[in-house]
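Take a look at the chain below. Keep the sequence and the fold side by side as you read.

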Amino acid sequence: MITISVDDQVNVAEEIARIMKEIDPDGIHESFSDVKKALSTIKLRQPDVAWLDIEMPGMSGLEMAMEVKKASPATNIIFVTGHEEFAYQSFQLHASGFILKPATKEALARELQNLRTPVQKRMTGLIRIQCFGNFEVFDKDDQPINFKRSRSKEVLAYMVDRRGAMCTSGELCGILFEDREDANALKKQLRVFMSSLRDDLKKHNAESALVKGWNAYGIDCSAVDCDYYDYLKGESYAVNSFLGEYMLQYPWADMTLGELLEKPDAL
């Protein structure tokens, strides 16, 4: 998460940033006492949340909020003030929230749980993988990756399902070809699919997400962003996006779907 706190009292803005680092250690949390510098950073970073003091010299927080909406429409604006009478004005601006000074960890956490615009997970991997619904793969620019061979895409899906475990050639052939028995011919065909898969990912600078072992293949889980993996970690966006569908185009995925549906927080 990226957040920016703005207050003409430097210590107040810094305290909010400090609390946010406790709440979200992996995020980026900056503080400003200069409105112009804050607006420049907001245009650049497109933060998830802007904590704005209402009473500031030169430009009030209410005026700044209108500039933030122009510069970064998806940013949640939460006003921070010592005066309750500003609450009505803040709601007129369709702010996400309103807290009274002094800001506390409990108050900040409460507002973060009720954001007007939900925070989207920012991409950190080489590719983004969608398992819920149909299996799809996206590049760094969030554009769909097209696979030359549908079987190559299925191999990738199976390796993602295995969550980093190395898959032998025999195992992959069993998934792709089911009851066919010509082992040597099937393994040769698998090598064609794997080569094609590597070429497809290489076009998007993501071939290093594949792991090659002795007669086995896998996926580097740390190199991908995946809703299935995030669901298992309990990340709220992934939990909310699971609607009882998992890799719909692949019958072998039904076993994992059954496991997901048995989880207490499913649906």
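What follows walks through a helix, a sheet, a helix pair and a few single residues.

This is a predicted model: local features need pLDDT of at least 70, side-chain atom pairs count only at pLDDT 80 or more, and totals for chains, interfaces and linings use all residues. Residues are numbered from 1 along each chain as its sequence is written, and side-chain values use heavy atoms, with hydrogens and water left out.

Start with helix α2, residues 35-45. Helices here are DSSP runs of H or I with at least four residues, strands are runs of E with at least two, and both are numbered from the N terminus. Which residues of α2 are buried? They are V35, A38, L39, T41 and I42. Because these residues cover an arc of only 165° around the axis, they sit on the same side of α2. The arc is that of the directions from the helix axis to the C-beta atoms. Buried means under 20% relative accessible area, exposed means over 50%, and partly exposed lies in between (1.4 Å probe, protein chains only). An α-helix has 3.6 residues a turn, so residues three or four places apart point the same way. The other side of α2 carries the exposed residues K36, K37, K43 and L44.

What covers the buried residues of α2? The cover includes β1 (2-6), β2 (28-32) and α3 (61-71). Contact means heavy atoms within 4.5 Å. The ends of α2 have their own details. D34 caps the N-terminal end, with a side-chain oxygen 2.9 Å from the backbone nitrogen of K36. A polar contact is a pair of N or O atoms within 3.5 Å; within protein, one must be able to donate a hydrogen and the other to accept it, and residues adjacent in sequence count only if both atoms are side-chain atoms. Just after α2, Q46 has a positive phi of about 50°.

L62 lies in helix α3. L62 counts as buried because its relative accessibility is 13%. Between L62 and I4 there are 16 Å in space, C-alpha to C-alpha, and the two are 58 residues apart in sequence.

Two loops come next. Q9 sits between β1 and α1 (10-23). Q9 counts as partly exposed, at 39% relative accessibility. The C-alpha atoms of Q9 and D53 are 9.1 Å apart, with the two residues 44 apart along the chain. S96 belongs to the loop between α4 (87-92) and β5 (97-100). Is S96 buried or exposed? S96 is buried, at 14% relative accessible area. A polar atom of its side chain lies 3.0 Å from the backbone nitrogen of R116. Leaving aside neighbours within four places in sequence, S96 contacts N76, I77, I78, E111, N114, L115 and R116.

Now the sheet. It is open, has 3 strands in the order β8-β10-β9, and pairs antiparallel. Two strands pair if DSSP finds at least two bridges between them. The edge strands are β8 (167-168) and β9 (210-213), each pairing on one side only. β10 covers residues 216-219 and is joined to β9 by 4 bridges. K212 has Y217 as its bridge partner in β10, and G213 stands opposite A216. β9 and β10 form a hairpin with 2 residues between them, and N215 in the turn has a positive phi of about 60°. On the β8 side, 2 bridges make the antiparallel pairing with β10. There, C167 stands opposite Y217.

Both faces of β10 are covered: A216 and G218 on one side, Y217 and I219 on the other, are all buried. Helix α8 (residues 183-202) lies across β9 and β10, at about 145° to β9. Axes are lines fitted to C-alpha atoms, for helices over the stretch in contact, and angles run from 0 to 180 degrees between N-to-C directions.

Stay with α8. Helix α7 (residues 169-177) packs against α8 at about 90°, with the axes 10 Å apart. That makes α7 roughly perpendicular to α8, a label for angles of 65 to 115 degrees; under 35 counts as roughly parallel, over 145 as roughly antiparallel and the rest as oblique. From α7, the contact uses S169, G170, L172, C173, L176 and F177. From α8, it uses L186, K187, Q189, L190 and F193.

Finish with S196, also in α8. S196 is buried, at 7% relative accessible area. Not counting residues up to four places away in sequence, S196 touches K148, R149 and S152.
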